[in-house]
Amino acid sequence: MDLSTKEYKRCAVVEVSGRIDSATAPELAEAFNELTSEGQYNLVLDMDDVEFISSAGLRVLIDVQKTCQRLNRGKLVLAEVPEQICEAFDLAGFVALFDFYDEQIDAVGSF
Amino acid sequence: MFKSEQRVFPARFESLSAIDHFVADAARRAGLDPCAVYQVQLAVDEACSNIIEHAYGGVGDGVIECVLDVADGEFTITLRDYGKPFDPQSVPEPDVEATLEDRTGGGLGLYFIRHLMDDFQFEFDAKQGNLLMMIKRIERGDCREPQASR
């Protein structure tokens, strides 16, 4: 898994490629922790190049969303989610917990 | 003609990628469509993660034996480990309609296996180890809903 973070005026974007599984999910969690510890709670996860995400990754997303939405500080939104991953999100009941955007620019613009 | 394939992996999270390649490559050659291949990848990853974390307690010196086979239009994945057994019935299904505050993300692994595979079976034996067999039917066309959900 590779990831990069870009900080904008009103949000930060985390772009991830590769696999998010039990081996790599901690690194994703750490990237988000660094942002929230700096007080950045408006977050975009760009999943365009994510090949695979397991429940370990989904748990990270839930935890980050809880942190962001606590005290209405912000939210985590998801951009460019591959179709097969969308289906897994739907099965896990995640669709109601996140906002989804087809393009990163729209996700950034939502803040 | 698909021939049975078997490989043994160290039971460590670092093995998940190699297990995924092994299973996904075989699933494609067996004729599963891309959607079904992803469902198999997800179910296998969840099962192996559970073996590593729960059966072996996260300590990395166990093994996962993985056997892949095709028969009667079905792609079968058999995983065997020699760690602690567990009772699948004791793992509650997550409430996928719960609000964010009530979601923990726990229990999703077994939930995915139940809902993504057409059939599955656990067996636990003190000498033979723990076995999980998962079946995905090979059907062409648009991605379809799996049949098993128990």
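Q: In what order do the elements of chain B run from the N terminus on?
A: The order in chain B of this predicted model is β-α-α-β-β-α-β-β, with three helices and five strands. Helices (H or I, at least four residues) and strands (E, at least two) are DSSP runs, numbered from the N terminus.

Q: What makes chain B as compact as a globular protein of that length?
A: The radius of gyration is taken over C-alpha atoms, and the globule rule is 2.2 Å times the number of residues to the power 0.38. For 150 residues the rule gives 15 Å and chain B has 15 Å, so chain B is as compact as a globular protein of that length. The C-alpha trace of chain B spans about 45 × 40 × 25 Å along its principal axes.

Q: What percentage of the 150 residues in chain B is buried?
A: Buried residues (20 or more other C-beta atoms within 10 Å of their own, C-beta atoms being placed from the backbone) make up 35% of the 150 in chain B.

Q: How many residues of chain A are in contact with chain B?
A: Contact requires C-beta atoms, placed from the backbone, within 7 Å; 20 residues of chain A meet this with 21 residues of chain B. The largest share of the side of chain A that touches chain B, eight residues, comes from α2(A).

A note on conventions. The model is predicted: local features need pLDDT of at least 70, side-chain atom pairs count only at pLDDT 80 or more, and totals for chains, interfaces and linings use all residues. Residues are numbered from 1 along each chain as its sequence is written, and chains are lettered from A in the order in which they are written.

Terms used: Buried ≥ 20, exposed ≤ 12 C-beta atoms within 10 Å, placed from the backbone. Contact = placed C-beta atoms within 7 Å.
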